[in-house]
Amino acid sequence: MSDLMEMTALEMRAAMECGEVTSRQLVGASFDRIAALDERVHAFISLRHDDALAEAEAIDSRRAAGESAAKLGPLAGIPIAIKDNLCTRDGLATTCGSKMLENFRAPYDAHVVQKLRAAGAIIVGKCNLDEFAMGSSTENSGFGPTRNPWNLECVPGGSSGGSAACVASRMVPMAVGSDTGGSIRQPGSLCGVIGMKPTYGRVSRYGLIAFASSLDQIGPFTRTVDDAALLLGVLSGPDSRDSTCLDHPVPDYLAGLEQVDFKNLRIGVPGEFFGQGLDAEVEKAVRRAIKIYEDAGATLVEVDLPHSAYAVETYYIVATAECSSNLARYDGVHYGHRSTAEAGMIDMYEHSRAEGFGDEVKRRVMLGTHVLSSGYYDAYYLTALKVRQKIKQDFDQAFAKVDCIMGPTSPSPAFLFGARTDDPLSMYLSDIYTISANLATIPGISVPCGHTESGLPIGLQIMSDVFTEDRLLGIARLIQESRQDYRRRPPILESN
Amino acid sequence: MSQLTVKTIVGIEVHVQLKTRTKLFCGCRTSFGDAPNTNTCPVCLGLPGVLPVMNREAYRLSVMTAMALKCKPARHTKWDRKHYYYPDLPKNYQISQYDQPLGEHGFLEIETSQGRRKIRVLRVHLEEDAGKLLHAEGGGNYSEVDLNRTGTPLLEIVSEPDMTSVEEARAYCTTLRQLVTYLGVSEANMQMGQMRFEPNINLHISRDGEIFKTPIVELKNLNSFRSVERAVAYEERRQLAAWQESGITLSQGGKTTRGWNDTSGETYVQREKEEAHDYRYFPEPDLVVVEPEESWLAEIERNLPELPLEKKDRFINSYGLSEYDAGVLTSTAEMAHYYEAVVTATNRPKPAANWITQALTREINARGIEINRLEDFPLSAERLAELVLAVDGGTISKNAGDTVLSEMIESGKSAQAIIDEKGLAQVSDSSALEGIVDEAIAANPGPVADYKAGKKQAIGRIMGAVMKASGGKANPRLVTEILERKLAE
Amino acid sequence: MTSALDPQQVRKIARLARIRLSDDEQQMFAEQLSRIVAYVGKLNQLDLKDVPPLSHALPVANVFRDDEPHQSLSADEALANAPQRTDRCFKVPRVLDEGSSA
Ligand SMILES: [Mg+2]
Ligand SMILES: [Zn+2]
């Protein structure tokens, strides 16, 4: 094998099981790739080089001693990256992309981190993100932006830009991100990888630094749907520390991949997802992808999601209200940045937060504060909760008629740095197609469906009803198998 | 000057710390007095990424209290975040209940010198407590934050403004404390701050048929019944004087917050926290709603203990106790339980009541014993029952009984052992007494003549002689009987 | 209700949110937030009569834990991230009154 990192996670697992390669070699190759590329891509905020290699060696010796694959765990020895809004107690900081938490060391592991470790995964480092996961380009990181491996002049999307970019550039075969309004699916689309947001309540949020609690959900980044099925199986399941994580059976997602009967598949294609502002190349690629499903025997059904036209408005009220509350704790008292300009208690709070937060965080915290404040609550927050109800009802009605809904993940391919930073609203519209899944709590996946003429990836978004991730993955796999986009390598790998 | 009538209006918000082993949303212990910051975890420290999980027992105790306060327990409740910045509140929001409290519209019946009154309870809700600020001695320029108490379950009970006097305000507080300790939902230890009172008070002053309402004052964080009493009384005087001087009424003055200085005995204006009144409540997204099953509610209701006033009425009606005795014997659940154990063992409700409310209470007070549990009584109910029977059945005199009680507590011996040891048994053998009586009659011709002449009280002198001759052991009832018979001969 | 926010209102919001802003920042955020608020205010065009607010994302109720103690952190672990501490407590600028009231 010329490039170990070209393997998918499942291929790595098979290769380790039959002794072709060791975890030490894979993790070593991962760090080699990171060393070669990350100066340009900046996908990582921190790396755990020595610890990861030691863990890889430990897996190798356990395997050599005859320990069964089942005992070693489904991800044994596979290098993986996690978004730096997941708490880890390994001595690395958990920064959430913010100067506020630059030196914060969590005394506990997030639930998904525990699950990854128990599955034998080797966490190589923590990925860059928009500060507190607020953004669609990773330009808001307190530690500098991540670049898109397909074109370093372009953003990788966000907020999980680092997680998407490190998978796209084959630094790791899989990464974990979080999605509040599209923060997995949109960077997945812009970086040409699989990005999936599970049903709200599928994966425990314990240890995920909250942005908007009723919308946040953790999910996988991989190059193939099969790997996404593998990783989702590890991440999913109940957790007594998260009241909003449901004890819903976790199916064998891998085994379910080939269960979809495309002849009887009903696909909803809502007009709302093909409106004004949609890039022509994206629209063409997405329609071409949908055609592949039709050719496989699926039926297109007309569905209406009239309130999805108000998803962005609804989202920017609900999400900012929750974030203004969730971020109140960053005040310089118990952890995090404290201003040295402190005088009295209130000055200390105000200076610490002014210094620790970037502008986008301040904007959203203030907007959220405003929509919850007395005299405005009913007009903004309560109204938004009602529209959220309508959006959810639209989807419920749609899923009575169809098995899934398809459309573009992002209205445009990756855009240039700075293109949307001066106008917060234009940045918010980057998530116009992804936000409604969060509001409706349903799962959604972005799967590559081609490239623009200039070589930027395009993603097809597929959404389905709550807790139907197994079928969603199976549906997504058809486009992967028929187009094989995951084999296309970003130019940065060739220039290497 | 025209005539003024002044009516005091008081409503009280009470915070009661619930008796759970662990905090409301995490498994840290709720113990008091541990070294600072040793009962904390990522959840109650409000670290990034943590989530709360509701303590079932805290909810159960809350529902129990709501039921005892005759509130209708909610079939649907939720949690809300209340935002304000304070260093003892690590998340800078408190998880509380805003518009759907777990209980509403009940009442608490109180007893005052004017009789019983129902004080309406507006709402009962559950919330988390904040931590504690410690201030450096000698005016250092910093404060210390201890988060051990952060997240402790607190029940907030809000009354309607139904109290019209200092006496009623105090009675409400003491009755509420009695109730929660009866229910066993709280230790309600005042010194430990497990029960805190915030009275709202204003005056309705009528002059020439016109009513003037003074601005409402909320008194913060009173920690004792005495401070409630004194602070409300102080406010009555202060508000009247302030109105007389300035004429400012509720519509102009609104509502202000005042603290209480226990040393000077005065209330003082508290600096309003900036934007203190915009708490920006919204539903807590990290917790799900509570919709208690009917069967669970029914079970809680079934297990509600008999409440203090119900018990008091039963003691009066079934045991024939006085209002006073019944009150003393139902003052705490422990006391009532102890009393009924003695009654069960003796079937002598009134003597049992007398022994407990008098001699035993004297012994307890003299020894400075605090009764928080049944085991705290210096004497088991069985032991006391033995004594009650010994005195009531005439084996020993009342006076000897006092001695035996004291000795039982001191030595732990049984009543019978002490009676035998000290030879305290009364002479109730009439043949033995006949001789002593005869001697006494012979030795006291004067009183005998007086008695026979109609001065019946002269019998006391002869009785005295009999008792003296018997060394105090003669059974007085029997002696009286024999004497009366012989003197009538 | 007019949706535009002037710098004075932004100052008030920033105070509530405990964020110190310079005059320039107030100006900048006033402009940006006004546009965003006008945008999100479009929701008020919808007829939402009788629509129940979706205040909880999940159709579940009654998630409880047992009243069982867990292992707490040591004081040093609890204070490990404190920007300033004494040997046993978090240290903050002097606060005058008794503490927040629950
Ligand atoms: Mg309260
Ligand atoms: Zn705790």
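1. The zinc ion (ligand 2) sits in a tetrahedral site. For reference, the ideal angle for four tetrahedral donors is 109.5 degrees. Keep in mind that this is a predicted model, and the geometry quoted here was computed from it.

2. The donors of the zinc ion (ligand 2) are four SG atoms of chain B. They belong to Cys26(B), Cys28(B), Cys41(B) and Cys44(B), at 2.3 Å. Along the sequence, these donor residues follow the spacing C-x1-C-x12-C-x2-C.

3. Are Cys41(B) and Cys44(B) buried or exposed? Buried means under 20% relative accessible area. Cys41(B) has 3%, so this residue is buried. Cys44(B) has 6% relative accessibility and therefore counts as buried too.

4. Now the second largest pocket. About 1,200 Å³ of space lies in this pocket. Its lining takes in 39 residues. Nearest the centre are Arg177(B), Gln178(B), Thr181(B), Ser331(B) and Thr332(B).

5. Which elements of chain B each supply at least two residues of this lining? One strand element is listed, β6 (103-112). The helices are α2 (166-183), α6 (308-319), α7 (323-329), α8 (333-346) and α9 (349-367). α2(B) gives the most, with 8 residues.

Definitions and conventions:
Residues are numbered from 1 along each chain as its sequence is written. Chains are lettered from A and ligands numbered from 1 in the order in which they are written. This is a predicted model: local features need pLDDT of at least 70, side-chain atom pairs count only at pLDDT 80 or more; totals for chains, interfaces and linings use all residues. Side-chain values use heavy atoms; hydrogens and water are left out. On a 1 Å grid over the protein atoms alone, a cavity is a set of points where a 1.4 Å probe fits but cannot get out, and a pocket is an open set with protein on both sides within 12 Å along at least five of seven lines; lining residues have an atom within 4 Å of a point. Grid points are joined across faces, edges and corners, and a volume is the space filled by probe spheres set on the points. Helices (H or I, at least four residues) and strands (E, at least two) are DSSP runs, numbered from the N terminus. Donors are N, O and S atoms within 2.8 Å of the metal (3.2 Å for Na, K and Ca); water is not among the atoms, so sites may look incomplete. Four donors count as tetrahedral if all angles lie between 85 and 135 degrees; four count as square planar and six as octahedral if opposite donors are over 155 degrees apart and all others between 65 and 115; anything else is irregular. Buried means under 20% relative accessible area, exposed over 50%, partly exposed in between (1.4 Å probe, protein chains only).
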